Amino acid sequence: MKSRGVFIAACLTTSTLLLAACGSADAGDDGPVTLKFQALSDQPAAIAATESIVEDWNTANPDVQVEIVPAGWDGVYDKLITQFNGGAAPDVIHYEAASIVSFARDGYLADLTDLMSEERRADIPEGILDSVTVDDQVIAYPTELQSYVVFANRTLLEDAGVEIPTGDTMTWDELREIAQATTEGDVYGLGWGLSSPTAAFMSLAPGFGGSYITGTGEDADVTVGEGEMALPELVHAMAYDDESILPVTLTQSGSEAIASFYAGQTAMTVQGSYQAANIAKDAPKDLDWVALPPLAGPEGPQQAANPQTLSVNIDSEHVEESAEFIEFFTQTEHLAALNEADALIPATTSAQEALTEKLGDENGWSTILASGQNFTAAPYLFADSYAQWKDTVATPAYQRYLAQETDETELADQLTSGWDEITQ
Amino acid sequence: MRTLVRPAQYVALACYILFLGFPLLWLLSASVKSSGELNSLVVNLLPQEWHWENYAEALARQGLVHSAANSAIVALASTALVILIALPASYVLARLKGAIRTAGVGWILVSQVFPVILVILPLFLILRTIGLTDSLVGLTLVHTTYTLPFALWMLQGYVAAIPVELEEAGAMDGGSRLTVLRRIVVPLLAPGVVATAMFSFVSSWNEFFFALVLLQSPENYTLPITLSTFIGGEGKVALGPLAAGSVLAAIPSIVFFSIMQKKLTGGLMAGAVKG
């Protein structure tokens, strides 16, 4: 009994000491405003670019200082949801459009509609701006995007007698023909890492007139028609009728599938545009590669936009200052520098042009950057049940289809009935 | 036939060690490969050329060494707290009968039921109220709380394995309760304490989620949080630097284990003599 009393006393003493030691260190109202900016930049060059922009801001704005809080992409959704609920979210939040829409719907993000300058609004392509507009409110500034790009082994294409496509776009039929022409012996025409195919199919569906999602929020519904099924069916036909896709790549991630491109096992590979920088760095010296023009379906070369974004915590005491900082951050030269470092596509036209002028044709940049004008709104961003449907219904259904365990009819049925089940 | 048994045992042992050690060997190998080689179809355990830049890049990024120091502080502090609390508590739990023991066991079992994601929000709010979010002290308390139930369960098993008759014999020889505990129970319990300490240390050293949510300032980040920044968006992974960072991250843990391993062996022998 005596020892229990001692233990309780010790606990109380410890707690008191801890409270005294760790009490809030917030200063009073005097002094400069400090904005916390949770940044997810992961590449050393992008981290340096971010730090440089923030440093420039801090020098120019002694009364509003920005403090970078670096964070990783892994687990950041859980971190943010806890921070929002705990009232401890940073002022400025870096994340992707697909994930912040739900935060906006739950009322955690400030409406930036009136705080975004006309200059910036006019500089952001409509499809990209739509991806950060929820219920007519701009809830974030888009900063960086990636598109899906075809990288080709020029030597293998030329050896097969294929003329390297040029021009603004190339059709999916052309891709299929080139893949067939270059498939010979141990070489396959295409390698495409489709272990998690939903994102690619959803992003590229607009080119075929597919949107998958109609409506928004809880009222959203999935529609699977010709436009939605066109790309999965094309991939299936190339893999099993033409046998022009290296089969193992269908079960690999994009990064894994690139190894067979380096080894000359595949003549082409579909990758995120940022891979251009990796290919330039890692590909064997004798690999003569080229980025092919953006792929266009019957409806055009559109791809659904899921940009990285900067948004403002609605509970921030300095929403206006935060928006001003984001305006500064998204200036042409800043976005160009950041996207060059990250090997991504700037979300503003002026930054895309600045980067094109600076980098020219090097490493396929002009082709990749040109695709920045082809982004369109992604309806799936605004459907509440999309994330759950993607993980539990769509991805397994596509995997079964690409493994020939189901046919087209079953795939379409699984995609729609699966949505109905999780939204009931 | 009998002469073949010993070589077969060695072969089996070698296979087992290789099986256990292969991931570490692969990690070491990946840490000195260039990104070109890591993205090649050619699979070599030994790198074609040694690429030490990964270590330089890992050390240069995001304060890896500082994060390791934070992890060490939190892991050692929470291990000490866990042992300090679990040692007497486990004795009580193992030796006492009745309602207290039942309640204790119930608490241990119930505490293991809740998933981390469920407890993080209330925990965050409590810690925020007392000013302990974004603090190594707060994280240490959380790690201690999270590890304690299992450590308690583990240690009470070791206590239960010590025959009560030894304590009774000590008492009959004139030893007081404290003397019996200090001279008989504690030495026999040493291997269990060491094993529990190892478990606590590893739990805290590797813990990611609580640290991710509770820590806000880079200067407070622990090693798993810093290593997670090597994995970027859009599927980008800095594989070489990540492997190098993971190798460096394993070193303090290996040092701790090698020290504790000696204690573990010593404890076992002490127990054998007294038993």
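Predicted model: local features only at pLDDT ≥ 70, side-chain atom pairs only at ≥ 80, totals over all residues.
## Ground rules

Local features need pLDDT of at least 70 and side-chain atom pairs count only at pLDDT 80 or more, while totals for chains, interfaces and linings use all residues; side-chain values use heavy atoms, with hydrogens and water left out. Residues are numbered from 1 along each chain as its sequence is written, and chains are lettered from A in the order in which they are written.

## Nonpolar cores

The largest nonpolar core has 149 residues. Here a core is a set of buried Ala, Val, Leu, Ile, Met, Phe, Trp, Tyr and Cys residues joined through side-chain atoms within 4.5 Å, and buried means under 20% relative accessible area, with exposed over 50% and partly exposed in between (1.4 Å probe, protein chains only). A:Trp192, A:Met268, A:Phe325 and A:Trp389 have the most contacts inside this core. Its largest share, eight residues, comes from helix 17 (residues 386-402) of chain A; helices (H or I, at least four residues) and strands (E, at least two) are DSSP runs, numbered from the N terminus.

A second, separate core has 39 residues, including B:Tyr91 and B:Leu242.

## Where the chains meet

Chain A puts 37 residues into the contact and chain B 36, contact being heavy atoms within 4.5 Å. About 3100 Å² is buried between chain A and chain B, with carbon and sulfur atoms giving 59% of that area. Buried area is the accessible area (1.4 Å probe) that two parts lose on being put together, summed over both.

## Salt bridges

Over all chains, the whole structure has ten salt bridges. One of them joins A:Glu67 to A:Lys36, with the closest N and O atoms 3.2 Å apart. That pair links distant parts of the chain, strand 2 and strand 1 (residues 33-39) of chain A, 31 residues apart. A:Glu67 is partly exposed at 31% relative accessibility, and A:Lys36 is partly exposed too, at 33%.

A:Arg154 and A:Asp288 also pair up (3.1 Å, N to O), this time 134 residues apart. A:Asp282 and A:Lys281 form another salt bridge at 3.5 Å: A:Asp282 is buried at 9%, whereas A:Lys281 is exposed at 51%. Finally, A:Arg105, A:Asp135 and A:Asp384 are linked in a salt-bridge network.

Methods
Salt bridge = Lys/Arg side-chain N within 4 Å of Asp/Glu carboxyl O.
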